[in-house]
Amino acid sequence: MCTNIVYEWLKTLQLPQYAESFVDNGYDDLEVCKQIGDPDLDAIGVAVPHHRRRIHEAVRRLKEADER
């Protein structure tokens, strides 16, 4: 299993099962993850609606943290 910042981030979201797919699709750092949209989640293989909402909410929080 990959051990990087994206894995740790997904682990805090209780979604570590997607870590390998994130990295395989080029989402290997949080700056890149801030750009994730629905087509990206489709490509990564996140199909469960509440997992998608959890990721979208976390991306929103990452962007807000940048603004502060």
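Which residue forms a salt bridge with E57? I looked this up first: R60 does, with the closest N and O atoms 2.2 Å apart. A salt bridge here is a side-chain nitrogen of Lys or Arg within 4 Å of a carboxyl oxygen of Asp or Glu.

**Ground rules**

I note for myself that this is a predicted model, where local features need pLDDT of at least 70, side-chain atom pairs count only at pLDDT 80 or more, and totals for chains, interfaces and linings use all residues. Residues are numbered from 1 along each chain as its sequence is written, and side-chain values use heavy atoms, with hydrogens and water left out.

**Entry: overall layout**

I find 5 helices and 0 strands in the chain. Helices (H or I, at least four residues) and strands (E, at least two) are DSSP runs, numbered from the N terminus. Read from the N terminus, the elements run α-α-α-α-α.

I then looked at the dimensions. Along the principal axes, the C-alpha atoms fill a box of roughly 30 × 25 × 20 Å. The radius of gyration is 11 Å, which agrees with the value near 11 Å for a compact globule of 68 residues. That radius is taken over C-alpha atoms, and the globule rule is 2.2 Å times the number of residues to the power 0.38.

I also checked the surface. The chain exposes about 4,200 Å², and carbon and sulfur atoms supply 49% of that area. Accessible areas come from the Shrake-Rupley method with a 1.4 Å probe, and for residues only the protein chains shown count as cover. Of the 68 residues, 34% count as buried. Buried means under 20% relative accessible area, exposed over 50%, and partly exposed in between (1.4 Å probe, protein chains only).

For contacts (heavy atoms within 4.5 Å), I looked at those with a separation of 6 or more: residues 24 or more positions apart account for 43% of them.

**Entry: the UniProt record**

UniProt, in an unreviewed entry, places the feature "domain: SAM" at residues 6-65. UniProt positions are given in the numbering used here, feature names are shortened, and annotations may be inferred rather than shown by experiment. I checked that stretch in the model: it is 68% helix and 0% strand, and its end C-alpha atoms are 16 Å apart.

**Entry: back to the charged pairs**

A reminder to myself: side chains of opposite charge can pair when their charged atoms come close. I count 8 salt bridges in this model.

R60 and E57 both lie in helix 5, 3 residues apart, about one turn of the helix. R60 is partly exposed at 35% relative accessibility, and E57 is partly exposed at 31%.

Next I looked up K34, whose side chain meets that of D66 in a salt bridge (2.2 Å, N to O). K34 lies in the loop between helix 3 (30-33) and helix 4 (38-44) and D66 in helix 5, so the pair ties together parts that are 32 residues apart in sequence. K34 is buried at 6% relative accessible area, whereas D66 is partly exposed at 48%.

**Entry: R52**

Is R52 buried or exposed? I find R52 buried, with 14% relative accessibility. R52 sits in helix 5 (residues 49-67). The side chains of R52 and D38 meet in a salt bridge (3.1 Å, N to O). This pair links distant parts of the chain, with R52 in helix 5 and D38 in helix 4, 14 residues apart. D38 is partly exposed at 40% relative accessibility.

I also found a polar contact of 2.9 Å between the side chains of R52 and D42. A polar contact is a pair of N or O atoms within 3.5 Å; within protein, one must be able to donate a hydrogen and the other to accept it, and residues adjacent in sequence count only if both atoms are side-chain atoms. Leaving out residues up to four places away in sequence, R52 touches D38, L41, D42, V46 and A47.

I looked up Q14, in the loop between helix 1 (5-12) and helix 2. Its phi is near 60 degrees, a positive value in a residue other than glycine. Q14 is exposed at 62% relative accessible area.

V23 is in helix 2 (residues 19-24) and is partly exposed at 27% relative accessible area.
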